[in-house]
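Please read these notes with the model open beside you.

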2 protein chains.
Amino acid sequence: MSIRIEVGQEVLRGNREWAARNRSILHRNNVWTLNMMSSPGAGKTSILERVIPLLKEQMNVVVIEGDVMTTLDAERIRALGVQSVQINTQGACHLDARMIHDVIVQLPLQEIDLLLIENVGNLVCPADFALGEDMRIAVLSVTEGEDKVEKYPYVFQQADAILLNKIDLLPYLPFRVPKFLEEVHHANPYAPIFHVSAATGEGIAVWNDWLIQKGKQHQRSAESD
Amino acid sequence: MSIRIEVGQEVLRGNREWAARNRSILHRNNVWTLNMMSSPGAGKTSILERVIPLLKEQMNVVVIEGDVMTTLDAERIRALGVQSVQINTQGACHLDARMIHDVIVQLPLQEIDLLLIENVGNLVCPADFALGEDMRIAVLSVTEGEDKVEKYPYVFQQADAILLNKIDLLPYLPFRVPKFLEEVHHANPYAPIFHVSAATGEGIAVWNDWLIQKGKQHQRSAESD
């Protein structure tokens, strides 16, 4: 097994170098970048469909969609009137920094305020691969069960914010919100938690306000550099 | 990127050799082996909690639980009165055949009829790693959305049976069952599809009947070898 770990570390080192390059390019252009991670079907794209119409009134938003296959998600984002680029990983279980690099060098970065990256639906692999982002957003849906933070800790430990989605389904599920909050507090005591429903729109405005505020902070710190 | 693909193929070749060894050991002992795969939280363990009490009346069942972290699932299975072994992958996004080998050589295989392997919750990585199993079972929950077969095709293409779980939540979701069936038919026209609810128990008896029947077929073909 040791050879796999060594190979893995070499791949991770290479990825970190590409991530640092991305970070430098994005910062030079004052682009604020978020990396969204969750299981398949937790609702990342649906959440973006709710929040982008609010965000785009204040920021120029571009979305990179990561999927194993299909361009379904990029098409859903494009229908909102914002630019989106689909990356198909052709089997890989996560985006990596090189894939992101190949996209951002073709984007009009000086015109972009916020780059949203929706990672491949996976609670394990994306956590290991920095993309050059400023923040990581983890999404869990209540239908997945309250034990997932404990069972798949990495994505949640590294998150700068955690979204609990599909709260409209809570009446039909045994999901205990206090137990979930306890697990999150244990894994990551500082990340704010937003309770949202992409289906009904509940909680999306609150998350949007937080994004706008964080985006302005980023803008100010970029200007003072 | 090419170096990663070559390394991947070497790892996969090594895995195939371990899987062939497992298969030989399991067949020699007339153990019928299933590998269950799904997203995190699709309900694999909950389905096992429903079906094992039925299965164990006719078969001697042992479960191997694969998780990144925790022994929560193995404890849930043990509470049913069947032996379970937890494998923690410590970060890896799938079980591999070597991990299974290290477990099965310690099991009383001659006393086991059915070995159920619950893989790490992940719709991408487990598809590439044969474990030595006789059949693969893919689980999708209706809360994940009907587009997942198209977006994460590998697990579904290779499945010998597909379980659609959480059907008790269909009244509260926009999930279109006919669209899902169409996608499955496109990806994998021959796999039977079972509509189940681990929450209510609906459909579990039908899946149990199929398992008993397939288990008997396997037993007969093993005896005639």
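The numbered points below take these topics in turn.

1. This is a predicted model, in which local features need pLDDT of at least 70, side-chain atom pairs count only at pLDDT 80 or more, and totals for chains, interfaces and linings use all residues. Residues are numbered from 1 along each chain, chains are lettered from A in the order in which they are written, and side-chain values use heavy atoms, without hydrogens and water.

2. The model has an ipTM of 0.86 and a pTM of 0.91. Where pLDDT is low, the predicted coordinates should not be read in detail.

3. Contact (heavy atoms within 4.5 Å) between the chains involves 41 residues from chain A and 40 residues from chain B. The buried area (accessible area, 1.4 Å probe, lost by two parts on being put together, summed over both) is about 3,300 Å², with 62% from carbon and sulfur atoms.

4. Four salt bridges (a side-chain nitrogen of Lys or Arg within 4 Å of a carboxyl oxygen of Asp or Glu) cross this interface. One salt bridge joins Asp67(A) and Lys151(B), at 3.6 Å from N to O.

5. How many cavities of 30 Å³ or more are there? The count is 1 (a cavity is a set of points on a 1 Å grid over the protein atoms alone where a 1.4 Å probe fits but cannot get out; its volume is the space filled by probe spheres set on the points, which are joined across faces, edges and corners). The largest cavity has a volume of about 40 Å³. Its lining (residues with an atom within 4 Å of a point) has 13 residues, and those closest to the centre are Ser141(A), Thr143(A), Glu144(A), Pro40(B) and Glu144(B).

Notes. 1 Å grid on protein atoms, 1.4 Å probe; cavity = no way out; pocket = protein on both sides within 12 Å on 5 of 7 lines; lining within 4 Å.
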